[in-house]
Amino acid sequence: YASKPQEVNISAGDIKILTFDLAKIVFAVNIKTTPSDAKVYANGKLIGMGSFTTEVQAGKVNFMVEREGYEILGREVVVDRDGLSFDFNLKPITARVKIETEPSEAVVLVGGNKVGVTPVSFELPYGSYEIQLLKSGYKSQSLKIDVRKSEAINKKIKLEETLETKALRIYRSRLNMKNNLTYAGLGFTIASVGVAVAFHIKSEDVYSKYQNAVEIEKIRKYRNDYKKAITQRNIAFGASAVFAGLTVYNMLRKVSFEEIYQELESEKINLGLRFYKENGVVPVLSLSIKM
């Protein structure tokens with residue numbers, strides 16, 4: 001406060017009460033803000049907006065400058081004379097957004113404008129945004145992002161297949177399975193035929209020895225060996241016939257994309273097993289219907 005002198009005459013025995021109304025010391029300061037419409041507070045009190053000149057109390061002053069969409073700026077200064085100037089440059093609020101999708105290479109639109117293909121990183125200023133994710137064969141998805149402070153925002157989105165894409169994936173999987181089973185069946189058929197032929201050759205060799213044998217023990221031995229070889233040959237030929245039949249059936253079996261698509265469109269009933277500690281394994285029937 002400013003000092004205030006006062007002359008007082010006091011006589012013997014007088015009682016005087018003196019009251020001093022002290023005035024605060026103030027100085028004129030120049031304020032400038034960027035942006036120009038930011039609000040300026042001094043010691044918690046709003047003193048103006050933008051660029052202006054005002055009087056503030058001498059001593060330590062806590063300035064705070066704020067505007068929506070910008071980071072709050074605070075500064076403590078010592079005001080000890082007139083004519084001090086203070087510039088406050090506010091930093092815009094921006095968020096670094098990173099979006100990843102499974103699968104990747106989805107187009108990212110912000111406000112209808114393309115910003116990249118996932119995985120993608122970009123900056124967004126203060127505000128609320130509707131972000132769209134587009135990828136051929138997958139349902140479009142949208143998410144809302146609110147930028148209220150400068151931060152890093154990471155989003156991981158799992159895209160949902162369209163009915164056509166899911167049906168095509170299942171169709172290709174079944175077609176590959178059919179081809180693999182056909183090749184495997186042909187391989188097992190050829191292998192079992194080869195084994196059968198080997199046992200047949202062995203049986204013929206044993207039978208020749210059986211015919212030429214003169215000792216009773218060898219006749220019995222060759223006869224048993226012959227029966228065993230014939231049994232093994234027949235089993236191998238039977239296995240080859242089974243493999244051949246299954247292979248032919250698999251080759252003639254058709255895999256239809258339309259049927260798979262209709263299966264996905266129709267009602268689906270799935271029988272699963274859920275585990276409960278109290279009851280053990282319990283079969284549960286779940287029904288999901290697509291309208």
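**Charged pairs and their surroundings**

Modeller: Happy to. Let us begin with K209 and D205, whose side chains come together in a salt bridge with an N to O distance of 3.7 Å. That counts because a salt bridge here needs a side-chain nitrogen of Lys or Arg within 4 Å of a carboxyl oxygen of Asp or Glu. Both residues belong to helix α1, which covers residues 163-212, and because they are four residues apart there, about one helical turn separates them. As for cover, K209 is partly exposed at 40% relative accessibility, and D205 is partly exposed as well, with a relative accessible area of 42%. Please keep in mind throughout that this is a predicted model.

One more pair is worth a look. The side chains of E161 and R169 form a salt bridge at 3.0 Å, N to O. R169 is partly exposed, at 42% relative accessibility. In general, side chains of opposite charge can pair when their charged atoms come close.

Now to the strands. Strand β9 (residues 107-110) pairs with strand β10 (residues 113-117) in the antiparallel sense, over four bridges. Within that pairing, V107 stands opposite V117 of β10. The two strands make a hairpin with two residues between them, and G111 in the turn has a positive phi of about 65°. Strand β9 has another partner in strand β12 (residues 127-134): these two run antiparallel and are joined by four bridges. Here V110 has I131 of β12 as its bridge partner.

The peptide bond from E102 to P103 is cis, with omega near 0°, and P103 lies in the loop between β8 (94-102) and β9. That loop between β8 and β9 also holds E105. The phi of E105 is near 65°, a positive value in a residue other than glycine. E105 counts as exposed, at 56% relative accessibility.

You will find a cis bond elsewhere too. The peptide bond from T34 to P35 is cis, with omega near 5°, and P35 is placed in the loop between β1 and β2 (39-42). N43 is not a glycine, yet its phi is positive, near 55°. With 47% relative accessibility, N43 counts as partly exposed.

On the surface, there is also a nonpolar patch to click on. Y1, L18, F20 and L22 form it, and together they have about 410 Å² of accessible area. Y1 lies in the segment before β1 (26-34). Y1 is exposed, with a relative accessible area of 59%.

Finally, a word on confidence. The chain has a mean pLDDT of 86, and 91% of its residues reach 70 or more. There are stretches to treat separately. Over residues 269-279 pLDDT stays under 50, and the model has 21 contacts beyond four places in sequence for them. Over residues 281-291 pLDDT also stays under 50, and for these the model has 27 contacts beyond four places in sequence.

Technical notes: Residues are numbered from 1 along each chain as its sequence is written. This is a predicted model: local features need pLDDT of at least 70, side-chain atom pairs count only at pLDDT 80 or more; totals for chains, interfaces and linings use all residues. Side-chain values use heavy atoms; hydrogens and water are left out. Patches are made of residues with over 30% relative accessible area and no salt bridge: like charges are joined within 9 Å, nonpolar side chains (Val, Leu, Ile, Met, Phe, Trp, Tyr) within 5 Å. Accessible areas come from the Shrake-Rupley method with a 1.4 Å probe; for residues, only the protein chains shown count as cover. Buried means under 20% relative accessible area, exposed over 50%, partly exposed in between (1.4 Å probe, protein chains only). pLDDT is the predictor's confidence in each residue, from 0 to 100. Contact means heavy atoms within 4.5 Å. Two strands pair if DSSP finds at least two bridges between them.
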